[in-house]
Amino acid sequence: MAAEIVNPPSEALDPVDPAFALHRGGKMAVQATVPVRDKDDLSLAYTPGVAKVCSAIAERPELVHDYTWKSQVVAVVTDGSAVLGLGDIGPEASLPVMEGKAILFKQFGGVDAVPIALDCRDADEIVETVARLAPSFGGVNLEDISAPRCFEIERKLQERLDIPVFHDDQHGTAVVTLAALRNAAKLTGRSLGQLRAVLSGAGAAGVAIARILVEAGIGDVAVCDRKGIVSRDREDLTDVKRELAGFTNKAGLLGSLESALAGADVFIGVSGGTVPEEAVASMAKDSLVFAMANPNPEIHPEVAHRYAAVVATGRSDFPNQINNVLAFPGIFAGALQVRASRITEGMKLAAAEALAAVVADELSAECVIPSPFDERVAPAVTAAVAAAARAEGVARR
């Protein structure tokens, strides 16, 4: 059932507002890549010429990648349950975001994408629907699906399909965070292994960030939810958080986010809320603050700069924006280029390393991650992901 949405006040529908003006009629369209100028073109693009191609694919299904757009197109799938900072707004209201995601795929990665907003919330129904649509696509980007269902949906689709399935809210955020943290550590003369991090938020992004940081060799990371540090002794944990407690918090910390921050090297926020200034002040010298909640960071940059060596946010109006668009276009472009059957942890780590390397010779406190408009980003990430897919045996060409 679609979410019930309260109608906005009439003044919110101002036709001269540039946001409404830009969105009128939608932000994307399908465009032909071959001409249909006369009956000869028509007979090749459609019947009878198309029948030869169909018959060839029926005999050799792998030809679908060469003679259709399948290997160049991604489904952007949502149920509208966790859209940006808007929350559960339903499938129709999510479409402007999904269209935006699709044009970012094209603009930054050269990958075609189709928004698909599903009017269902049951995890198994979403899996079944996407699985039935999958023959039309080379990959599936899950978007703005609430936790903890997003973990189950991604896992089941990965088990069922032989094309990449990637929940960007989890893994795109994780890849860009790791890239920025690598460079911030390098800038301050440390390695990841020397850092103790505190992560605020145990939802989709928080779990994925914790996992990739551990895979990359961080010294330790403690994850906090609304009730404090996610630790093995807690009896109120979901299955996802219980697993999270098993590979994080090696120090065995207990208590609140504020207590965990005392002496910590890194703060990563993907939760909202506000961290008290005194907790920030208690962090180690040359601390690194990544306060990524939008539109209000957990620690305002002005406060963070009083204590931290490097500050990053999720906003474009401050330096060091942690923006998923730095990751997902290149990750999918690389995976599709080699017809990867899935996106592995190694491919994500390779993406992060490539992304960090783009600005490795330009590091400063205000530049630990490239701009989304840096034209070096997508080619670097694409090449690294494709190479990693080949190395890990999931490439099919």
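1. From strand β9, Ser287, Val289 and Ala291 point one way and Leu288 and Phe290 the other, and all are buried (under 20% relative accessible area; exposed is over 50% and partly exposed in between, with a 1.4 Å probe and protein chains only). Since five of the five residues of β9 (residues 287-291) are buried, the strand is largely enclosed by the rest of the structure. Strands here are DSSP E runs of at least two residues, helices H or I runs of at least four, numbered from the N terminus.

2. This is a predicted model, in which local features need pLDDT of at least 70 and side-chain atom pairs count only at pLDDT 80 or more, while totals for chains, interfaces and linings use all residues. Residues are numbered from 1 along each chain as its sequence is written, and side-chain values use heavy atoms, without hydrogens and water.

3. Strand β9 pairs in the parallel sense with β8 (residues 266-269) over four bridges; pairing requires at least two DSSP bridges. Glycine 269 stands opposite alanine 291. Five bridges join β9 to β10 (residues 308-313), also in parallel, and alanine 312 of β10 is the bridge partner of phenylalanine 290.

4. There are 30 salt bridges, each a side-chain nitrogen of Lys or Arg within 4 Å of a carboxyl oxygen of Asp or Glu. Arginine 160 forms one with glutamate 128, the closest N and O atoms being 2.8 Å apart. Because arginine 160 lies in helix α7 (residues 149-160) and glutamate 128 in helix α6 (residues 123-133), the pair ties together parts 32 residues apart in sequence.
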